[in-house]
Amino acid sequence: YYLVIESIYKGQKTQILYMHLQEGSIVVKQDDIVRAGQHIANMGNTGTSTAAHLHFEIRVFEGGEWVRKDPMSWNYNY
């Protein structure tokens, strides 16, 4: 179970992915406006996973394709 939040950040089309979510825990739906600090889902142990954790990924649309970015170096302060 996963959730993708898409937005425009600093002029770039951006996706933030949250994966391995607990089954049935996603509380937002398509086209909802999501705000910083809002509860969107619960961390889980789904998919190919050995323990509860959150897979957090950032992608930006560059050159016609989605490119993964290192979340630790990405400045995503909204």
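**Questions on a predicted fold**

Me: Where do the numbers and values come from?

Reply: This is a predicted model, in which local features need pLDDT of at least 70 and side-chain atom pairs count only at pLDDT 80 or more, while totals for chains, interfaces and linings use all residues. Residues are numbered from 1 along each chain as its sequence is written, and side-chain values use heavy atoms, with hydrogens and water left out.

Me: How many helices and strands are there?

Reply: The protein has zero helices and four strands, and from the N terminus on the order is β-β-β-β. Both kinds of element are DSSP runs numbered from the N terminus: helices are H or I with at least four residues, and strands are E with at least two.

Me: Which residues make up the largest nonpolar core?

Reply: Twelve residues form it: L3, I5, Y9, I16, Y18, L21, V28, I40, A41, I58, V60 and W74. At least two residues of this core come from each of β1 (2-9), β2 (12-19) and β3 (55-62). The largest share, three residues, is supplied by β1.

Me: What is a nonpolar core, and what does buried mean?

Reply: A nonpolar core is a set of buried Ala, Val, Leu, Ile, Met, Phe, Trp, Tyr and Cys residues joined through side-chain atoms within 4.5 Å. Buried means under 20% relative accessible area, exposed over 50%, and partly exposed in between, with a 1.4 Å probe and protein chains only. In soluble globular proteins, nonpolar side chains tend to be buried together.

Me: What share of the protein do buried residues make up?

Reply: Of the 78 residues, 28% are buried.

Me: New topic: how many aromatic pairs does the structure hold?

Reply: There are two. For F61 and W66, the ring centres are 5.1 Å apart and the planes stand at 65 degrees, so this pair is edge-to-face. Rings of Phe, Tyr and Trp (its six-membered ring) pair if their centres lie within 6.5 Å; planes under 30 degrees apart count as stacked, over 60 as edge-to-face and the rest as tilted.

Me: Where is the place of F61, and is F61 buried or partly exposed?

Reply: F61 belongs to strand β3 and is partly exposed, with a relative accessible area of 36%. W66 is also partly exposed, at 30%. Apart from neighbours within four places in sequence, F61 is in contact with Q12, K13 and W66.

Me: What is the phi of K10?

Reply: K10 has a positive phi of about 50 degrees although it is not a glycine. Most residues other than glycine have a negative phi. K10 sits in the loop between β1 and β2 and is exposed, with a relative accessible area of 66%.

Me: And what about H20: which loop, and what phi?

Reply: H20 lies in the loop between β2 and β3. Its phi is positive, about 70 degrees, although H20 is not a glycine. H20 counts as buried, at 15% relative accessibility.

Me: Finally, what box do the C-alpha atoms fill?

Reply: Along the principal axes, the C-alpha atoms of the protein fill a box of roughly 35 × 25 × 20 Å.

Conventions: Contact = heavy atoms within 4.5 Å.
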